[in-house]
Amino acid sequence: MKKEQTFSFLLVLIFSIIILKYYNLQIRQGKFYDELATKNHIRQIINPAYRGALWSEENFILAKNEVDYDLILYLEELKDPEKFINDLINLLPLRKEEILGRWKQKNLNPSYIPITLISSIEPEELPLIEQFKIKYPEASIKKTLKRDYPFSDLLFHAVGYISETSLQDIKENPNLKQGEWIGKTGIEKSYEEYLKGKDEIWQIVVDSREKEVSRYLLKKGKTGKDLKTNLSLNLQRKAKELFGEQKGAAVLFNLKNGAVHLYFSSPSKKIMPPISSKAKAIWKNLFLDPSLPLLDRVSQGTYPPGSIFKVILAVAALEEGIWSADKKIICHGHFKFGDRIFRCWNQKGHGVVDLHKAIVESCDVYFYNLGLFLGLNRIEKWANIFEIDKKTNIDLFFEKAGFVPSEEWSLKERKIPWFAGETVSLSIGQGPILVTPLKIAQIYGVFASGGKLISPSLAKIKNLEYKNIKISENTLNFIKNALIDVVEKPNGTAYRIKSEIKIGGKTGTAQVMSEEKRKKYIKEHSWFVGFAPAENPEYVCAVIVENAGHGSEVAAPIAKELLTFQLK
Amino acid sequence: MKNYLNPAILISIIILNISGLFFIRTFSLNSFKNQLIFFFIGIFIFLFVSKVGHSTFLRFSQIIYFIFLILLFLTLFSKPISNTKAWLHIGFFNLQPSEWLKPVLCLFVAEEMRRKSLKLINIFLLSTIPLIIIFLQPDFGTALVFIAILSVFLFFQRFSFSLLISFIIFAFFSAVFSWFFILKPYQKQRIINFLFPKYSQSPTAYQSKQSLIAVGSGKLFGKGFSKTTQSQLRFLPAQHTDFIFAGIAERLGFLGSLIHIIIYMFLIFYSIHIANTAPNYEEKILIYLILSYFSFHIIYNMGMVVALFPITGIPLLFLSYGGSSLTASFFAFGLINSISQRRFGDYEI
């Protein structure tokens with residue numbers, strides 16, 4: 001009976017293995033296979049929400065939605081992905097980079113959510129793609145909403161743009177999906193939540209031949225809200241006209257409510273978001289363009305402030321109570337410190353100068369003396385009271401803070417001690433000190449508004465935010481009057497822009513730091529920051545024109561035109 | 001009337017068939033109707049064989065074997081269905097002689113063993129004829145079943161070294177020969193898929209994956225009858241034939257799978273018990289041979305569904321859709337039933 005027993009024993013053994021295998025699959029790995037089963041038959045359709053439009057102050061539409069068509073693909077259905085992708089590239093060789101770029105992201109979405117392979121199908125591509133779809137029913141054309149920016153040549157930097165999520169975006173925010181559109185810069189980014197709304201998501205049950213069996217609404221959509229901005233398209237246009245080919249930035253905001261009416265960075269070209277391969281190529285050129293058209297100079301361009309900075313020293317002098325406004329210095333047109341000679345911009349000299357005259361005529365020698373008297377620590381302290389080292393908290397994401405040197409920084413970062421000669425340069429806003437035009441406008445807003453450090457706002461919905469700077473009224477009035485005299489008095493550096501509208505302000509001429517400085521003369525940056533009407537200021541405006549020469553000659557007339565235009 | 005029916009055998013078979021019919025019905029009404037007809041034909045065959053008795057069939061086994069060999073040979077000239085010439089198209093239905101040859105071969109071998117008029121080696125060689133024809137059809141799965149029958153046949157003989165060697169050489173050469181001359185690319189693909197699953201992208205790999213998903217997602221209690229996705233949405237291939245058990249596992253879960261396995265095990269071990277208590281050697285060997293292919297079918301199919309074995313056309317007997325295999329199985333268990341009810345010698349010799 002031995003063989004019969006062996007036979008039975010073998011059968012019992014094999015059946016035990018089978019039972020164990022089923023136990024393993026159904027009990028231990030049941031959940032895993034259950035998920036796979038879900039993936040098999042569930043597809044998601046995402047109907048993108050209407051993205052809120054952006055409006056200018058005068059109700060011009062700055063960003064709107066347009067209907068567009070994408071090619072999408074459900075990966076789960078695809079039997080031979082390599083062949084599919086090769087066929088698609090052969091069909092549309094111009095799209096190769098785009099397709100491969102998106103293909104790399106294919107595993108970011110769960111397989112029941114389609115991936116986008118081609119965005120914005122061109123009309124001439126449509127018949128080719130229709131043909132392709134017959135061969136590959138896994139691919140389909142999806143109606144989407146794309147963004148259109150009718151005035152990107154004027155407002156690219158403030159408005160920003162939206163684009164498809166990148167690998168980086170998805171890594172940072174796992175809620176995002178491949179093929180989803182998000183704001184990348186400007187208002188589009190900072191008001192992403194507000195504008196975007198919520199996508200409507202449908203869950204679709206399909207059979208093995210991808211025929212729809214049923215569908216249900218998984219997530220209700222929500223329409224994005226329109227956003228009204230404070231930006232004035234006409235003022236923006238005016239700025240572009242005034243700047244012409246010159247590089248630089250201009251910003252103007254309301255001192256009563258912080259509303260930014262002008263946010264202009266030059267060069268300002270018609271810029272298409274880098275979405276299609278064509279636009280990407282253009283974008284690449286823009287990126288390499290030495291005039292940096294993509295750079296938002298208003299809040300990301302940092303420049304040495306030049307003479308604009310002098311008022312900070314004046315405030316420090318008065319507020320510290322160690323330097324009287326009446327204190328007089330004789331300016332011979334130069335200042336000797338050690339064996340170095342620092343020149344005043346007026347080589348003939350300003351003669352006897354007090355603090356008021358020093359501001360009005362922008363006497364360098366007076367501030368050399370004052371700066372040395374105050375020392376780096378006090379200068380740094382007062383620059384930081386005006387928050388040069390902080391952002392203005394305008395409603396933009398990528399704003400840059402300025403920079404103020406300190407002894408600590410010098411030792412730690414430069415590995416050399418600060419020396420007094422540098423304080424001399426720093427007194428007239430040269431050396432390692434940087435500010436954005438927006439920050440300059442904010443600082444001068446303090447004098448124009450009676451002590452408020454206003455956080456400017458691009459969107460109407462942003463409430464007015466400001467900080468009161470603790471400066472005595474006397475000091476504020478002293479500075480304000482001096483700034484008015486800069487324009488009003490014949491000896492003022494901006495006298496040439498005097499007009500029927502009373503303006504107060506300050507010119508600046510910032511030397512350009514350059515390695516090649518010795519070999520080649522590079523023209524200075526031309527600054528002007530001012531407010532109007534002078535008695536009861538409504539607006540503050542900062543203008544910088546790069547490599548244009550004296551502030552009084554280039555930047556000041558532009559600022560005057562802009563303030564006049566806005567006040568009219 | 002003598003009680004010639006063994007209720008344990010008949011009831012387990014009927015339970016399995018009802019379950020099978022049930023699942024076939026959820027797939028398609030037409031298949032269900034066909035299967036129902038074959039079920040009744042099968043029951044009739046079972047009753048007929050039980051009534052007539054196994055000894056009559058043993059007596060005529062040579063002629064029956066010969067008839068089916070001819071039928072099998074004729075399939076080589078038939079119209080292939082999915083690359084295999086395994087069917088004879090007779091009027092309104094297709095007969096698959098290889099299915100019937102399984103029990104018929106068992107009858108033939110058992111009877112020759114009793115008569116002892118032929119040498120063992122000659123019985124063996126005569127038994128390999130269907131195997132050769134099936135290789136030519138080619139039907140890889142059925143060939144495996146015949147190899148299983150022959151192996152068990154050899155297993156129960158007194159150890160013969162030359163027989164063993166010749167069997168191994170035969171198996172080796174037929175494997176090599178069939179790989180190069182007989183197996184179709186899709187069949188080779190299946191074997192490659194099984195051996196190297198990572199490199200496969202073929203439909204077979206897809207089948208295997210979908211089957212695994214169906215079984216696994218059934219979990220403990222199954223998805224019931226209205227909520228299955230793999231079966232109802234037709235991701236599961238061949239769900240009324242070779243992969244019917246995956247559908248059962250999805251709907252009824254591990255508990256349902258286990259119940260089915262237990263019924264099969266009962267049927268097999270109960271038959272072993274009948275064999276071990278059978279009075280004559282040929283009866284015993286007949287049951288063991290029948291069980292050899294029956295168990296092979298059950299084990300292979302259940303294993304194939306969960307990717308333990310490569311996919312090939314081996315149906316789950318009594319459950320899978322298919323007239324020839326169902327009726328042949330009724331025939332085989334009719335023989336076992338007959339042996340079980342006549343073991344006390346109360347039948348005419």
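A salt bridge here is a side-chain nitrogen of Lys or Arg within 4 Å of a carboxyl oxygen of Asp or Glu. With that in hand, look at A:Glu4 and B:Lys284, whose side chains form a salt bridge at 2.2 Å, N to O. Between chain A and chain B the count is two salt bridges.

Before going on, some ground rules. This is a predicted model, in which local features need pLDDT of at least 70 and side-chain atom pairs count only at pLDDT 80 or more, while totals for chains, interfaces and linings use all residues. Residues are numbered from 1 along each chain as its sequence is written, chains are lettered from A and ligands numbered from 1 in the order in which they are written, and side-chain values use heavy atoms, with hydrogens and water left out.

How many residues of chain A are in contact with chain B? There are 33 residues of chain A in contact with 47 residues of chain B, contact being heavy atoms within 4.5 Å. The two chains bury about 3,500 Å² between them, and 74% of that is on carbon and sulfur atoms. Buried area is the accessible area (1.4 Å probe) that two parts lose on being put together, summed over both. A:Phe15, A:Tyr22 and A:Gln26 supply 21% of the area that chain A buries against chain B, more than any other three residues.

Six residue pairs, both members at pLDDT 80 or more, are in polar contact across this interface. A polar contact is a pair of N or O atoms within 3.5 Å; within protein, one must be able to donate a hydrogen and the other to accept it, and residues adjacent in sequence count only if both atoms are side-chain atoms.

Which elements of chain A each supply at least two residues of the side that touches chain B? They are helix 1 (2–28), helix 2 (30–41) and strand 8 (200–206). Helices (H or I, at least four residues) and strands (E, at least two) are DSSP runs, numbered from the N terminus. Helix 1 of chain A gives the most to that side, with 17 residues.

Now the sheets. Two strands pair if DSSP finds at least two bridges between them. Strand 1 and strand 8 of chain A are joined by six bridges, and A:Ile45 stands opposite A:Trp202 in strand 8.

Another open sheet in chain A has five strands in the order 12-11-21-20-19, paired antiparallel. Its edge strands are strand 12 (260–266) and strand 19 (504–510). A:Leu252 has A:Leu262, in strand 12 of chain A, as its bridge partner.

Last, a salt bridge inside chain A. The side chains of A:Asp68 and A:Lys146 meet at 3.8 Å, N to O. A:Asp68 is in strand 3 (residues 61–73) and A:Lys146 in strand 5 (residues 139–148) of chain A, so the pair ties together parts that are 78 residues apart in sequence.
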